[in-house]
Amino acid sequence: MLVAGLVVAGVLACAFFVLTMARSSREPLPEHSANFANGELLFWAGGCASCHAAADAEDSDLLILSGGRSLNTPFGVFRSPNISPDPNFGIGGWSMLDFVNAMVKGVSPDKRHYYPAFPYPNYQNIEIDDLLDLKAYLNTLPPSSNEVAGHSLQFPYSLRRGIGLWKWRYLARSRSDRTNEASEQIERGRYLVRGPGHCGACHTARDQFGGEITERLLAGAESLEFGEGNDASSAGRIPNITPHAEGIGGWSESDIAYALETGFDPDFDSFGGSMVEVQENMARLPAEDRAAIAAYLKSIPAISSEAH
Amino acid sequence: MATVALGATTYVSFAADELAFANQIEARQSFMHVYRFNLGLLGAMAKGDAPYSAEQASAAANNLLAASKMSNGAMWPAGSDMGAEGYAGVTWAKPEIWSTYPKIGEKGAALTEALEAMAAGAGNGLDALRSNMGGVADGCKGCHEPFRAEND
């Protein structure tokens with residue numbers, strides 16, 4: 001009995017060990033000559049500055065990715081790292097492969113798992129060539145020697161190893177591949193929304209472990225970002241952006257594109273909250289890209305705001 | 001006001017119009033609708049959904065400017081935020097308005113500044129109107145970003 005028990009425990013421990021191991025990819029990267037303009041486009045589409053620049057940064061300060069911004073969530077406080085090209089405090093010493101592993105696998109150069117507060121479940125959909133351009137662009141930004149304190153998370157979320165289980169259960173759910181059935185424009189919109197734009201990170205509801213509920217794609221969610229008091233009293237609901245009547249079914253494609261360009265909804269109320277930074281990033285993309293996002297949002301399944 | 005006693009716990013539920021600050025909240029939300037309405041007139045011209053009229057554009061821009069100069073403090077009593085008991089779903093005003101006071105005043109002043117430029121430019125042709133829309137958008141967003149919760 002005892003022996004059998006020990007064997008079972010041993011097998012479970014091995015299973016936990018294997019399932020939670022941080023695996024990075026060692027596959028060689030394709031030959032690539034950097035397109036910096038495309039890298040800059042990915043930088044704005046990905047909203048890196050919204051989490052990695054200082055909280056009150058505007059204009060050229062948005063390019064200083066010194067980190068330290070706190071994200072107050074139900075799991076605790078995350079502090080974004082310095083991802084400026086400083087070799088000591090930032091990611092200046094990273095290889096291209098290190099960067100790709102972080103963005104696609106959520107694994108650090110020293111083989112630790114990243115928390116999905118870093119939206120790599122969405123970024124895993126970014127194409128390799130685009131990631132290489134993005135890193136080349138990041139290398140051109142000003143270095144910062146800001147040293148960032150660690151996260152302050154509640155147990156058991158404080159254990160990074162556990163993220164291995166989370167990934168095993170959830171990471172594949174956020175994948176979105178090219179379909180070949182939709183028009184080029186809708187495909188481009190799908191790519192921007194499901195990949196760099198990480199719209200679902202806010203607009204898709206999550207279960208109790210913080211995994212996106214695929215059946216509720218973009219149909220609205222509780223806000224996970226808490227106010228200064230770090231409680232839910234100033235967190236609202238993030239709206240449904242599917243073409244359902246409870247979502248933005250009443251908006252035309254040009255209404256959506258105009259809102260992403262200016263921050264005004266069709267009634268000329270302005271965006272507020274965390275959507276302001278997203279919109280100001282989207283305003284920096286070419287008009288065709290905002291039109292593509294609008295076309296994709298009109299093409300997805302209409303889902304009611306309430307889970308039935 | 002309905003008070004329901006369940007064992008040792010007392011639950012108090014309010015109807016929206018029985019809240020102490022229902023009037024003030026209604027007034028400030030209506031005030032925001034005046035902004036939205038006048039801005040919509042300018043926006044329709046900027047987008048090309050309505051023909052440009054210098055006279056109408058100036059009138060709407062002047063309304064916005066006058067509205068932004070109103071002294072509205074009485075519409076924003078402390079304790080009328082969305083975190084106060086009974087106020088969720090009635091108001092979207094965040095507690096930070098009061099906890100970081102007087103920061104919200106700076107946001108109001110920034111909007112007034114953008115509206116001065118809009119009022120000066122709106123009657124001088126469609127391009128002048130269009131080029132001032134971004135500044136006004138920043139004025140509205142600049143305050144909604146920190147101080148208004150998302151309204152589904």
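## A salt bridge inside chain A

Start with Arg69(A) and Glu277(A): these two residues form a salt bridge, with their closest N and O atoms 3.2 Å apart. Keep in mind that this is a predicted model. Between domain 1 and domain 2 of chain A, the count comes to 1 salt bridge.

On the domain 1 side, α2 (36–46), β1 (70–73), α5 (120–123) and α7 (163–170) of chain A each put in at least two of the residues that touch domain 2. The largest share, 5 residues, belongs to α2(A).

Chain A splits into domain 1, covering 32–175, and domain 2, covering 180–308. Taken over C-alpha atoms, the domain centres in chain A sit 21 Å apart. The contact draws on 27 residues of domain 1 and 29 residues of domain 2 in chain A.

Together the two domains of chain A bury about 2,500 Å², and 52% of that lies on carbon and sulfur atoms. Which residues of domain 1 in chain A lose the most area to domain 2? They are Trp44(A), Asn72(A) and Asn122(A), and together they make up 24% of what the domain 1 side buries.

## Where chain A touches chain B

Now for the other interface. Here 27 residues of chain A are in contact with 26 residues of chain B. Between them, chain A and chain B bury about 2,100 Å², with 53% of it on carbon and sulfur atoms.

There are 3 salt bridges between chain A and chain B. One of them pairs Asp255(A) with Lys47(B), where the closest N and O atoms are 3.5 Å apart. Polar contacts are found here too: 6 residue pairs across the interface of chain A and chain B, both at pLDDT 80 or more.

## The chain A side of that interface

Which elements of chain A each supply at least two residues to the side that touches chain B? The answer is β5 (237–238), α10 (253–262) and α11 (275–282). The largest share of this side of chain A is from α11(A), with 4 residues.

As for the make-up of the side of chain A that touches chain B, its residues divide into 12 polar, 8 nonpolar and 7 charged.

Note on methods:
Residues numbered from 1 in each chain as written. Chains lettered and ligands numbered in written order. Predicted model: local features only at pLDDT ≥ 70, side-chain atom pairs only at ≥ 80, totals over all residues. Heavy atoms only, no water. Contact = heavy atoms within 4.5 Å. Buried area = accessible area lost by both parts, 1.4 Å probe. Salt bridge = Lys/Arg side-chain N within 4 Å of Asp/Glu carboxyl O. Polar contact = N/O pair within 3.5 Å; in protein donor to acceptor, adjacent residues only side chain to side chain. Nonpolar A, V, L, I, M, F, W, Y, C, P; charged D, E, K, R; others polar. Domains from an automatic or database assignment.
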